[in-house]
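Good morning, and thank you for making time for this item.

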Amino acid sequence: MEPAIVVDGLKKTYKTGVRRKTRTAVDGLNLEVATGQIQGLLGPNGAGKTTTLKSIMGFVRPTEGSIRIFGRDAKDSEVHRRIGFLPEQPYFYGYLNPRQTLSFYARLCGLDKTTTRRRILELLELVGLSDSAHMKLSKFSRGMLQRLGIAQALVSDPDLVILDEPASGLDPIGQKEMRNLVLELKGRGKTVLLSSHQLSEVEAICDSVSIIGSGTLRCEGTLDSLLNPSNAYSIVARGRAEGLGAELDGLADEVIEAGGRYTLAVPERHTYEVLDLLRRRGLELERVDRKRVSLEDYFIKLLEGERHER
């Protein structure tokens, strides 16, 4: 299937200060977003995430490189009809209500009145704002405004949805609602590119991630391939088994025994053999999981020293 986004050799420089010194925001970035997936775009402050998103959206013109969206040049205005965008800090007119706001964006998208009425009803239901359809936005909470932002990004029923820090400033309940919304978008066949500092949220919902630092791509791949490169399993079993450590030699990479509980790191090729051994020795299995480092730990290790360098 054709990728939703292909960024090839993207470079963006700016002239800053009185002396017009050149600053490079993005430097030879290559990026690919698979169709129908949720992909996270991660990086520390100043890494070039927002510049990359603005380049994809056509808000800034790249100094070098190319961007293709669903196989077409991103400079083609027609392809932008297939994109919905939520900026990091969306602004809405406080004197309008959600119906009026979405009607305004529908007119900008060129929708007819019949389609507009139908889309407004569908979107308010999707984002959970049906009961607040006539409330002025000046009375909305941050979470409600973010949900309205998602609705406006979906007015034209786009195939690609780009979200810049959608959970920024939200409380835990608001973050959960936003996470469920993003998963709902994927369930509806949308491709989602998500820029976020909320690494736990990204790990919970994204299929893959791209991590950038100092304007370049540091890594890209599925979460499993990045966080579990050895394809190992973590096995926890409870009980007493004299000499078990010696029997696991060559089968488990790590064996930790404490308080009658064994925690093992086992390569995939030995998983069934180890499970059979544990059962024969009379141990009770508590948990079998893929052994993964957290996305936060992976991120910090990958970009260690970047803040100091800047």
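The model before you is predicted, so local features are discussed only at pLDDT of at least 70 and side-chain atom pairs only at pLDDT 80 or more, while totals for chains, interfaces and linings use all residues. Residues are numbered from 1 along each chain as its sequence is written, and side-chain values use heavy atoms, with hydrogens and water left out.

Let me start with the overall layout. The C-alpha trace spans about 75 × 55 × 35 Å along its principal axes. The chain holds 11 helices and 14 strands; these are DSSP runs numbered from the N terminus, a helix being H or I over at least four residues and a strand being E over at least two. The domain assignment gives domain 1 as 3-226 and domain 2 as 230-290, where such bounds come from an automatic or database domain assignment. The C-alpha centres of domain 1 and domain 2 lie 44 Å apart.

As for contacts, defined as heavy atoms within 4.5 Å, consider those in the chain with a separation of 6 or more: 69% of them join residues 24 or more positions apart.

How much of the chain is buried? Of its 310 residues, 45% are buried. Here buried means under 20% relative accessible area, exposed means over 50%, and partly exposed lies in between, with a 1.4 Å probe and protein chains only. The accessible surface of the chain comes to about 16600 Å², and 47% of that surface belongs to carbon and sulfur atoms. Accessible areas come from the Shrake-Rupley method with a 1.4 Å probe, and for residues only the protein chains shown count as cover.

I turn now to the interior. A nonpolar core is a set of buried Ala, Val, Leu, Ile, Met, Phe, Trp, Tyr and Cys residues joined through side-chain atoms within 4.5 Å. The largest has 45 residues, and those touching the most other members are Leu 42, Leu 102, Ile 150, Leu 163, Val 209 and Ile 211. Apart from it lies another core, of 25 residues, including Ile 5, Leu 10, Val 79 and Leu 193. Leu 163 touches Leu 86, Ile 150, Val 182, Val 192, Leu 193, Leu 194 and Ser 195, with residues up to four places away in sequence not counted.

Helix α1, residues 49-57, is mostly covered, with 7 of its 9 residues buried. Among the buried residues of α1 are Lys 49, Thr 51 and Thr 52. Just after α1, Gly 58 takes a positive phi of about 85°.

Arg 147 lies in helix α4 and counts as buried, at 15% relative accessibility. Beyond residues up to four places away in sequence, Arg 147 touches Val 127, Gly 128, Leu 129, Glu 177, Met 178 and Leu 181.

Next, the charged pairs. With a salt bridge taken as a side-chain nitrogen of Lys or Arg within 4 Å of a carboxyl oxygen of Asp or Glu, the count comes to 19. In one of them, the side chains of Asp 159 and Arg 82 meet at 2.8 Å, N to O. Asp 159 lies in the loop between α4 (142-153) and β7 (160-164), and Arg 82 in the loop between β5 (72-73) and β6 (83-86), so the pair ties together parts that are 77 residues apart in sequence. Asp 159 is partly exposed, with a relative accessible area of 32%.

Arg 287 forms a salt bridge with Asp 289, their closest N and O atoms being 2.6 Å apart. Arg 238, Arg 261, Glu 284 and Glu 286 are linked in a network of salt bridges.

Finally, the surface. Tyr 91, Tyr 93, Tyr 95, Phe 104 and Leu 108 make a nonpolar surface patch of about 620 Å². Patches are made of residues with over 30% relative accessible area and no salt bridge, like charges being joined within 9 Å and nonpolar side chains (Val, Leu, Ile, Met, Phe, Trp, Tyr) within 5 Å. Phe 104 lies in helix α2, residues 98-108, and is partly exposed, with a relative accessible area of 35%.

Lys 136 lies in the loop between α3 (113-126) and α4. Leaving aside neighbours within four places in sequence, Lys 136 is in contact with Gly 94, Tyr 95, Leu 96 and Asn 97.
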